[in-house]
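Biologist: I have a model open and would like to learn how to read it feature by feature. Could you walk me through it?

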Amino acid sequence: MSDVARQPSGMPRDARVNASAPTWWVVFKTEVHGLWVGGKAPLLLLLFSVVLGAHAFVTAYNVELSLMPPKEMVYETVKTAIAVGVFLGMIIGADSLSGERERGTLEALLLTPTSRRQIVLGKFLAALTPWPAVLALTIPYMTVLGQGDEVLGPALLWGALLGTILTIAYTGTGMLVSFWSNTNRTSYLVGLGIYILILVPAQLPGRAQTGAAGQFLQQVNPLAAVNHFLSKTLVNNETVEEWAGWLWSPTIFALLVLGLLLIYSAPGLRLDAGRTGIVRQAWHRVAARFASLCLVLAVCLVATTATSTATVGRGIQPDRSMSAVGEVPVEITVDLAFATVNTGDSIFFDTVLTNPLGEPSPPLIVAMNIINLDQEGDVVDPEDWSPERTQYVDQLAPGASVTLSWRVNAILDGDYIVYMVVMPEPAGRDATSQAVSSTGIHLTVMPFTRLNPRGILPLVLGAPLVLGVGTFLTLRIRRRETEDEAYKAPFLRLIMVASGVVLSMGLLGAFAIASQSGPVADGGGSGATGSSAAPTESGASGASVLLEVDTSTEPEDLFYVQDALVAPAGSVITLTFNNRTDADDEAGHNWVLVQPGQEESVVANGLAAGDDSDWLDVDDPGIIAHTALIEGEDSDSITFDAPPPGTYTFLCTFPDHYAGGMFGTLTIEGN
Ligand SMILES: [Cu+2]
């Protein structure tokens, strides 16, 4: 990298040719040429593709073992892209001015009758150009890892927006450091120090990030704040409004740096950073020490957070000296006993609190808990599983009851019990109260992934290869340029190299997606599970709910994999029915939702309608909604309004399938 960085990037031919163009544009073009044709940016991208590929392959491989949901994989990829994009901006920014000083090319720039602010602006804009390429490079990886999940769009949108804000901030910081440094060594070291100082707290494991101080640190740290925002909105299905407050620190950071760089510092750009001004001299002396201090600090930070995490557990001691346990003044029931869903799906249910006593209840606190029934399984963090884990009720009149609505997002596959606890608020400091628990909801979360690590291999190996060829070609053009002063690479040739790289990457990505097994390639929204209903208003009317029902892959299995569906009242349900058998099996199935008590007659009318009507009498008033009769490897999506609250049967009308057990329930939860 240092080899390439030493190429002069002063003011060559372009400056004279385009004397009429604005200075910043001339500087920008020269810088972009140096950065891209000079080989620095292509080389860094090549390195990044290796990192991304390794990350994608390890993730896909792990998926087979631990079944990380697609949302999380997409989030991890966006996070990596931002960390790398920001890093590239930082080091290119750090090189921009001190590098020219070191190479003796800054003089030529400053001698031209141009505004210094424009010089800085041109260099700044050029240093931002690798970021879009980094983001574009991650798209095929994200698409493959996302497996068609609806998270891809928001991930790209927010990744692009927040990554751009952070890249602006970091590139500006790098340039400010460079502005004050005489040598690249100082500039790189300080830049790297700042990067690590911000990166390390942002990458700390989840547990160290909790607590008021930890939360504050996370919110102030621009990179950590962005990661937190992305993880909450992309992985945990939470709303943007809820976490928008976390976007202040990156925005303020970027604006501050921009102002400092372009308004305050730029006009004072000088040939020598170290000779004028007391502040600059001090900076020059302190800079190198600062860098090493940052490294030490970062190590200490990791060490202290690790130990403080360890003490958290010891701090919690059950206090057995409490007295005055109040009597149990409330009853709690849930309206769901069990549910089977895919990873990423949501379940909705209601709890009813009743005060059976003859006097008003104290204020009540209702909390949701989740237990992993698998001893070896991961610990469940209910905060991640539900946008609203605790609800409060002021008071219940004698005999009165209140209904609370809940939503649980099935983040990880496994076998769980969800249960609710109601605690009367203790009467005072020296009083406590007795928790009352509901019956559990037995939640079975099916693994949901169709990733095939071998299918990713072409992308993992091909991307660095393609970028390697692209880098080689640009370096060859560059060599000719340096050998022959008069030679200027034809614009067309550069465009051809660039589009060749883009095209090959696109093909690799498409191939990787197509080689993922099964229904991902045929789209059909197979990955679109979970509910897109606003999480805080689970019972709101008009909320759209996505449901997915699969058959078994075995043609002789007569059941639906998801046989207990739940949707809130008033919602618009989009149901995707997938016949997972082989097309050769000739096992036709449909999904028919029927009015309560009409099961037998719908099946009988279907049989009477015969094979020509696909075993369904579509005019049967007992039918609420139905898909087509589909063969193996086929899918059908239907959208319908949720019927009134209650439990409905859905079934398959193909002869003998209902009798063979091919039915399930759809529960519409009331408000
Ligand atoms: Cu069937």
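Modeller: Below we go from the whole chain to its cores, helices, sheets and a few backbone angles.

Modeller: This is a predicted model, where local features need pLDDT of at least 70, side-chain atom pairs count only at pLDDT 80 or more, and totals for chains, interfaces and linings use all residues. Residues are numbered from 1 along each chain as its sequence is written.

Biologist: How many helices and strands does the protein chain have?

Modeller: Helices (H or I, at least four residues) and strands (E, at least two) are DSSP runs, numbered from the N terminus. Here the protein chain has 20 helices and 17 strands.

Biologist: And what share of the residues is buried?

Modeller: A residue is buried if 20 or more other C-beta atoms lie within 10 Å of its own, exposed if 12 or fewer, and partly exposed in between, with C-beta atoms placed from the backbone. Of the 671 residues in the protein chain, 44% are buried. Among contacts in the protein chain with a separation of 6 or more, 79% join residues 24 or more positions apart.

Biologist: Which residues touch the most other members of the largest nonpolar core?

Modeller: In soluble globular proteins, nonpolar side chains tend to be buried together. A nonpolar core is a set of buried Ala, Val, Leu, Ile, Met, Phe, Trp, Tyr and Cys residues joined through C-beta atoms within 7 Å. The largest one holds 94 residues, and Leu45, Val74 and Val134 touch the most other members. Helix 5 (residues 70-96) gives the largest share of this core, 15 residues. Leaving out residues up to four places away in sequence, Val134 touches Leu45, Phe48, Ala81, Val84, Gly85 and Leu88. Apart from this core lies another, of 63 residues, including Ile347, Leu443, Val549 and Leu593.

Biologist: What should helix 8 span, and how far apart are its end C-alpha atoms?

Modeller: The expected span of a helix is 1.5 Å times one less than its number of residues. The 13 residues of helix 8 (residues 116-128) should span 18 Å, and the end C-alpha atoms are 19 Å apart, which agrees. Among the buried residues of helix 8 are Ile119, Leu121, Lys123 and Phe124. The buried residues of helix 8 pack against several helices, including helix 5, helix 9 (130-146) and helix 10 (152-179).

Biologist: On helix 20, which residues are buried, and which are exposed?

Modeller: Val602, Val603, Asn605 and Gly606 are buried in helix 20. They cover an arc of only 165 degrees around the axis, so they sit on the same side of helix 20; the arc is that of the directions from the helix axis to the C-beta atoms. Glu600 and Ala608 are exposed on the other side of helix 20. The packing partners of the buried residues of helix 20 are strand 13 (592-594), strand 14 and strand 16.

Biologist: What is the strand order in the open sheet of 3 strands?

Modeller: The order is 10-12-15, again with mixed pairing. Strand 10 (544-550) and strand 15 (634-641) are the edge strands, each pairing on one side only. Strand 10 pairs with strand 12 (residues 572-579) in the parallel sense over 7 bridges, and Val549 stands opposite Phe577 in strand 12.

Biologist: Where is Asp614 found, and what is its phi?

Modeller: Most residues other than glycine have a negative phi. Asp614 is not a glycine, yet has a positive phi of about 55 degrees. Asp614 lies in the loop between helix 20 (599-609) and strand 14. Trp615, found in the loop between helix 20 and strand 14, also has a positive phi, near 60 degrees.

Biologist: Is Asp614 buried or partly exposed, and is Trp615 buried or exposed?

Modeller: Asp614 counts as partly exposed because it has 17 C-beta neighbours inside 10 Å. Trp615 has 22 C-beta neighbours inside 10 Å, so Trp615 counts as buried.

Key:
Two residues are in contact if their C-beta atoms, placed from the backbone, lie within 7 Å. Two strands pair if DSSP finds at least two bridges between them.
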